[in-house]
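Please open the model in a viewer and keep the selection panel at hand.

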Amino acid sequence: MFERFTKDARAVVLGAVDHAERLHAETVEEQHVLLALLDREASRASFALMSLGLAERKESVEQALADARRRGGLSRADADALSGLGIDVSEIVSRVEEAHGEGALRSGGTGAGRGRGWWSGLVGGHRPFAQGAKDLLTESLRMALAQRDRYIGDEHLLLALAARPGVPAEVLADHGVTYASLRRVLYGGGEAKAG
């Protein structure tokens, strides 16, 4: 499948590995793909993000992802659901960090299932891809096929991120970037209104 990736999509995958390494994560996660997409310039995904006003709010996105990592990878919706059950995630995070140091709950994977699939060869044996990141890459192929594209571009990675439930989609939506708004910018006339 990687042979179908454009130069920009390959750069995003490699950039995700770099972000995982810089953040000392054991595995490459979907959030690292989003961070790598935010680094891109002069690509279809960067055009879409710029059109939707996300390029100017990169620091806010990075902070929202860092907050989710601090919560052990829980989305805000997950934390709200637990709150409805009487579980205060913020209080738990504070107590754990008090006892074990700041960032003790940061998600990073366990290293289980170290890659032997096609994705492990992408990055020369660096960090393995977590299952969610592997699924994201597969979903990007589905996005490309749905558009009858013969390639997988960084725009397909972005669409897949926005379409999949989880922290990256939640952070994008909180910043006005949804699957629907991305589709409008990328494929539907270019006029985009966040939402």
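Select Arg164 and Glu30 to begin: both residues are buried, that is, under 20% relative accessible area, where over 50% is exposed and values in between are partly exposed (1.4 Å probe, protein chains only). The two form a salt bridge whose closest N and O atoms are 2.8 Å apart; the term denotes a side-chain nitrogen of Lys or Arg within 4 Å of a carboxyl oxygen of Asp or Glu. Arg164 lies in the loop between helix H8 (154-163) and helix H9 (167-174), and Glu30 in helix H2, so the contact ties together parts 134 residues apart in sequence. Helices are DSSP runs (H or I, at least four residues) numbered from the N terminus.

The model is predicted: local features need pLDDT of at least 70 and side-chain atom pairs count only at pLDDT 80 or more, while totals for chains, interfaces and linings use all residues. Residues are numbered from 1 along each chain as its sequence is written, and side-chain values use heavy atoms, with hydrogens and water left out.

Next, select Glu155 and Arg44, whose side chains meet in a salt bridge (3.3 Å, N to O). This pair links distant parts of the chain, with Glu155 in helix H8 and Arg44 in helix H3, 111 residues apart. Glu155 is buried at a relative accessible area of 2%, whereas Arg44 is partly exposed at 33%.

Proceed to Arg40 and Asp8, another salt bridge, with closest N and O atoms 2.5 Å apart. Because Arg40 sits in the loop between helix H2 (30-39) and helix H3 (44-51) and Asp8 in helix H1 (residues 7-22), the pair ties together parts that are 32 residues apart in sequence. Arg40 is partly exposed, with a relative accessible area of 22%; Asp8 is buried, with 19%. In total, the structure holds 5 salt bridges.

Now display helix H7 (residues 131-146). The buried residues of H7 include Leu136, Leu137, Glu139 and Met143. Among the elements covering the buried residues of H7 are H1, H2, H8 and helix H10 (179-187). Just after H7, select Arg148, which takes a positive phi of about 60 degrees.

Finally, select Ile92 in helix H6 (residues 89-100). Ile92 is partly exposed, with a relative accessible area of 41%.

Notes: Helices (H or I, at least four residues) and strands (E, at least two) are DSSP runs, numbered from the N terminus. Contact means heavy atoms within 4.5 Å.
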